[in-house]
Each structure stands twice: as structure tokens, then as C-alpha cells.
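Visitor: Please take me through one part of this model, slowly and closely. I would like to look at the place where two chains meet.

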Amino acid sequence: MAKGDTAPARTRTTRRAKPAPAPEFVQLLTPEGERVDHPSYTVDFTDEDYRGLYRDLVTVRRLDAEATALQRQGELGIWASLLGQEAAQVGSGRALQPQDMVFPTYREHGVLYCRGIDPIMPLSLFRGVDQGAWDPNEFKFNMYTIVIGAQTLHATGYAMGVAKDGKVGGPDGEAVVAYFGDGATSQGDVNEAFVWSSVFNAPIVFFCQNNQYAISEPLERQTRVPLFQRAAGFGFPGIRVDGNDVLAVYAVTRDALDNARQGQGPTLIEAYTYRMGAHTTSDDPTRYRIASEVEAWQAKDPVKRVRAFLEKQKLADDAFFDEVDEAARVQAVHLRERVLDMPNPDPRTLFDHVYSEGSPLLDEEREQFSAYLASFEGSAH
Amino acid sequence: MTETLTLGKALNVGLRRSLEADDKVLIMGEDVGKLGGVFRITDGLQKDFGEDRVIDTPLAESGIIGTAVGLAIRGYRPVCEIQFDGFVYPAYDQIVSQVAKMTYRSRGKVKMPIVIRIPFGGGIGAVEHHSESPEAYFAHTAGLKVVSCSNPNDAYWMIQQAVASDDPIVFLEPKRRYWEKGEVDTDATAPSFPLHSARVVRPGTDCTVVAYGPMVRTALDAATAVDGERSLEVIDLRSLSPLDLGPVYESVRRTGRLIVVHEAPSNLGMGAEVAARVTEHCFYSLEAPVLRVTGFNTPYPAARVEEEYLPDLDRVLDGVDRTFGW
């Protein structure tokens, strides 16, 4: 280009972010508390059931708030709050049959509660007095898994075992549910779990809580297609549900679990929800998302809409709501007291259970360390 | 009755015994079914035990190990085959973060009776990723046990012991020795040794040579080559985690000299651990520093130079000369 020529004005194609369209999903209860019909899904709840779901939602939110407070006061090392995801967890948790098996991440406190498990159980992990030890088979609820997506393969293997045991094919069949988040869908393990479950027709439900963020990274960094659509490529159904609608989550999960237990193989459920709080207490979401977005989701709150429904339908009065709040508060206080009472482990126990059948190396180390500790006894320490 | 079997066949018969002994035992891996594995170690097992127990898996190593974890929680005892040493790394996270830690983090409430079989080591003229010796990665990981067999009789018993163990075991098979023959007492009902025990395979008086897996044969060949001139005591570690160093200490206290031989690179390898512990326990018996004869600290090289990379009889004897020349 000769000097003095003017460069042609380039037209810049701006790819402006279009406002995300409202996602299509199964919904049975609007944010305003209106009960709406869906052609394929419904619930058959008694008035007492509706009140029970409300109680669950309030209770898990209150216990979660207590755990956050305990962390802020230095009593827990970290806490992964479920705030905003109560409906996804209570709806799916209440859809489980007693014989079903759960493989959680580290955030499924609400599912755990709905399994009838004492909410104190995972707090030892977050307090750091152990690593969240319990017997998965006793509670039909695996230990929390922190490595993202790893548990989806465990769930798949367990589901293959269910099939080998002949526990599929009838209404009393066992189903397995694997929880994970939107970020986990990028993991190789999750995709391998999809492949394996599909080719072995494993009795499993993949329950993805799409809470829109993997710590700071928005969904757009994980996928260019709606997550539930990925299932098609693996050869099983995928469905998206309003993750803040406890009724829809219940209906969709129950259906998928029943399909699994009947021998119809896996389903991917994308529960479209929002993480109202931080990723964990170590996170600062103000660095990566704007307040108006959070406010928009507050209008879709999973607890408020059930309360609105109960009020509109005159299924509960103020006395009921007050009693639920008070009962949750009492549970939270009780939880707090027991967290504070958790003893620190004896340091000698750190050598225990590395192996089921022991190891001479650890026997030697335990002995040496015990002698070392004993050498301080009676000293000024 | 003793039978003459190749090491590969001894593993095959051992796996068959394990499948017969406990119907919770499963075999899973790539091509382990109809094909019988690329080395035929699982030959005929799917035919006799069915596709439900001998499972051809999708081609995904993390999936093999990750699903084995879930099967173990369900009460099964999976025996996983990783086709070659260099292909274990996609499963490394599941092995190190899940398999190895599940018993510990559950405070003993969850057992992980998983065997991870890996044909390992070089010497077969293969392309890259087919000749590696990854034992140190696994021996370094608390919660895993690591063993390696060196001969058909050990292979036959050790695989059955590994399957019967409630702890996860990385079972390293010396692929270049798969075709070597030996006597196996297949009539005996129990092994004559515990799984995690070293064995003096050739007694001697002048210098101790410690090896495992494929290098035991090499060490024995070296001992034979200098027979009458120098008396080498050869010890097969068999178990790399936990180590059974009692027989090594006892030997070194007599010989005063120790050479550790392995195919894996020396840097932070098994030889370093053995040397450190022998130094601590036998300091006043040593006539020379503990020496290592190992693969070089390079990636595993191209096949046409692997004979130079791998310790052989001469390299072992060179090590012996060096310890006497100290």
C-alpha cells in the first residue's frame, strides 16, 4: 500500500453476546408458585408431602447456613455451600428408593439429608478431624468425592455390579445416581462414565447440577451445547429440568431412576440451577459475576416458590411456617454443638487403615513415632 | 504334580484358579476376552467363565480403574489388565487418588481388593510406550502395594495371592520373560511363601545382587558367569511395596557389598530406596557404597538401542567389579 493511501474502513463484525434465551426445561412449579402441567411429568403428592418438601428445603438451607457460619468462625476449614441448589438436591434425594445408591460430590448435603443421614456426618471432613469416613454400603451413600468427576466412574462400576447381581428389571430393582456439576462435564472421567454406562446399559442416573459456574468459569467455558444434549451422542436420553423447581426435579428424577431400575439404562438429567453463594468459603464470586445476575436468580428462589405455592393453595399457615423455621433453627444449634464437640484425632491413628492388611513399613513408623511422642511426656511441653 | 509352564501360562492358570475360587473375581481390560489379551495371559478365560466375569472394556484406562473402584465398593474383586506399562497413565489419577486412598479415608470401612496387572519393562523390540518401568510411581504411593514376579512358580502363586488380598495391588509382569519356562507345583493348595516376601534365589558369599521382575534372570546369569571366580548372592525382592528387606540386610551383613539392578532409571528409583535403608541398617557391615545398575535417566529409547539402555550380564558384572574396586 503506497504511503498516503487510506486503508479501507473495515467493518467490524461484533459478536455481541445475545441475552441467553430462557432455557427450555421441565417445570411444574413457576417461580411465582403457580402449579403448571407438563405433558410427560407430574407429581402425585398429598398436602402433607408438599409441606414435607418445604420443610426439607428450609432445613437444608438452614443447616447449610450454619455450616457457613461455623467456617467463618474458624470451626470448619472450608465449606461448600448448597445455597440455591436446595430444590435440585431435595427433589432428587426424595425421588430415591431406599435400595438406591448415591455417589455424591462434596456439595450434596441436601441429598444426604433426604437419605435420612445425620447431617453431622460430612462435617468431620470439613472440620478436618477425618476425611469424611463412613461406610457407603451402610448408608447407600458413597463418601464425598473431591476430585471432579471421579465418582461418576465409581457409580458406573457400582451400577455394573448391581446388574451383575441381577438387581435390575423390576420395581424393586436398584438404581444408582451419580451427582456432578457443569464443570465436571469437561472431565475425561465423566465422558468415560457415559461411554461405559451406555455400552453396559448400567442402571444409572447422571444428575448434573448445572449451577452455571465452575468456581469462576461460566458454563460457556465448558460447553457450546446444552449439557443435556450431550447424552444423545452417548446413546441415552438426556433431559433438562428446572433445577429450582423441587416438584419437577422430583418427577424427572423418579422417572429416570425407575427406567434404570427396570433395566432401561442410563439417563442424563441437567438440573438447571444457580449457585447463589460462593464455590466454597474460600471463593469470592464478586470478582467474576455481577450483582444483577444474582438478583435475577433470587427471583427464582427454590424455597420461596414452594412457600408461595403452599400459601396460594392454603396448604399451610403462618403457624406452620414459623414451626418449620424454629425446628430448623433447633437442628442447626444441635449441629453446631456437635461440631464443636468433635475431638481431634490421636496423631498415632494417622498410621491406621492405610491398608486393610497392614504394612510392616507403617508398623515400624507408628512404633518410632509413638516412641518419639512419648519422649515428650513429663517434659515442659 | 509339577508342570512345566511358561511364565505367561502360569499367570493364566493362576487367574483361572482365582476365578474358580471366588465368583466375585472379575477380569476386565482391553482385549482380554475373545483375544485372550495381547499377550494371551487371559486366554480361554472368557470362554470358560463368561462375558459377565471376563469383560472386554471400552478403550479407556481411567474407566477400567474407576469402574473397578465402584465394583469393589459393590463387593467385587476386579483384576484389571492395563495393556502396556506406558498406557497406565490415563488411569493414574484413579489409581493414586481413588484406589490408593479409599481404605484410608474411609478409616478401613471400604476395602479395595483390586489387582492392576501391568506387563512392564523392555527387551521386546517394541515401539515407544511399550517398554517402560513405572514401578517407582506406584511404590511411592501410600495405600498401594506393588509386586513383581520373576519366574513361573512365583507368577502362579503371586497372582492368586494378589487377587485374594483385600488391598489394591499393582502387579508388574516382566513381559520379556512371559515365554520363559519353569516348574510350577499346580497341585499344591497353598503357596509356600507370603506375597510380600523377598527370596534368596541363589546363595553366595562375596556380593549381594538385588533385583526383581525381568532383572532377576539377568542377575542369575551374571552370577553363573562368574561362578568359581566370585560368589554372588542373588535376591529377588518380589514385593516392591512393602519392601521385605530383612533377607537383604542379613545378606549384606555377610557379603559387605550390594548391587541393586533394575530397568527403571536410577534417579529416585527402587535402588535409591534400597540403598538408603541398607545404609541405615548395615552401615558398619558395608565394604563399599551400595551401587546401582539401572536403565539410564532418559526416556526409554528406540528399540535398536534398547540393548545398550537395559542392564545386561556385563553391566551387572561391571557393577560387581566397581564394588570390589572401591
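Guide: Chain B and chain A bury about 3,700 Å² between them, with 56% of it on carbon and sulfur atoms. Buried area is the accessible area (1.4 Å probe) that two parts lose on being put together, summed over both. This is a predicted model: local features need pLDDT of at least 70, side-chain atom pairs count only at pLDDT 80 or more, and totals for chains, interfaces and linings use all residues. Residues are numbered from 1 along each chain as written, chains are lettered from A and ligands numbered from 1 in written order, and side-chain values use heavy atoms, without hydrogens and water.

The contact (heavy atoms within 4.5 Å) takes 47 residues from chain B and 47 residues from chain A. On the side of chain B that touches chain A, 10 residues come from α3(B), the largest share. Helices (H or I, at least four residues) are DSSP runs, numbered from the N terminus.

Now the charges. Four salt bridges cross the interface of chain B and chain A. Each is a side-chain nitrogen of Lys or Arg within 4 Å of a carboxyl oxygen of Asp or Glu. In one, Lys164(A) pairs with Asp52(B), N and O 3.6 Å apart at the closest. In another, Asp165(A) pairs with Arg74(B) at 2.8 Å. Asp165(A) is partly exposed at 25% relative accessible area. Arg74(B) is buried at 14%. Buried means under 20% relative accessible area, exposed over 50%, partly exposed in between (1.4 Å probe, protein chains only). Shared partners join Lys140(A), Asp165(A), Glu174(A), Lys24(B) and Arg74(B) into one salt-bridge network.

Terms used:
Helices (H or I, at least four residues) and strands (E, at least two) are DSSP runs, numbered from the N terminus.
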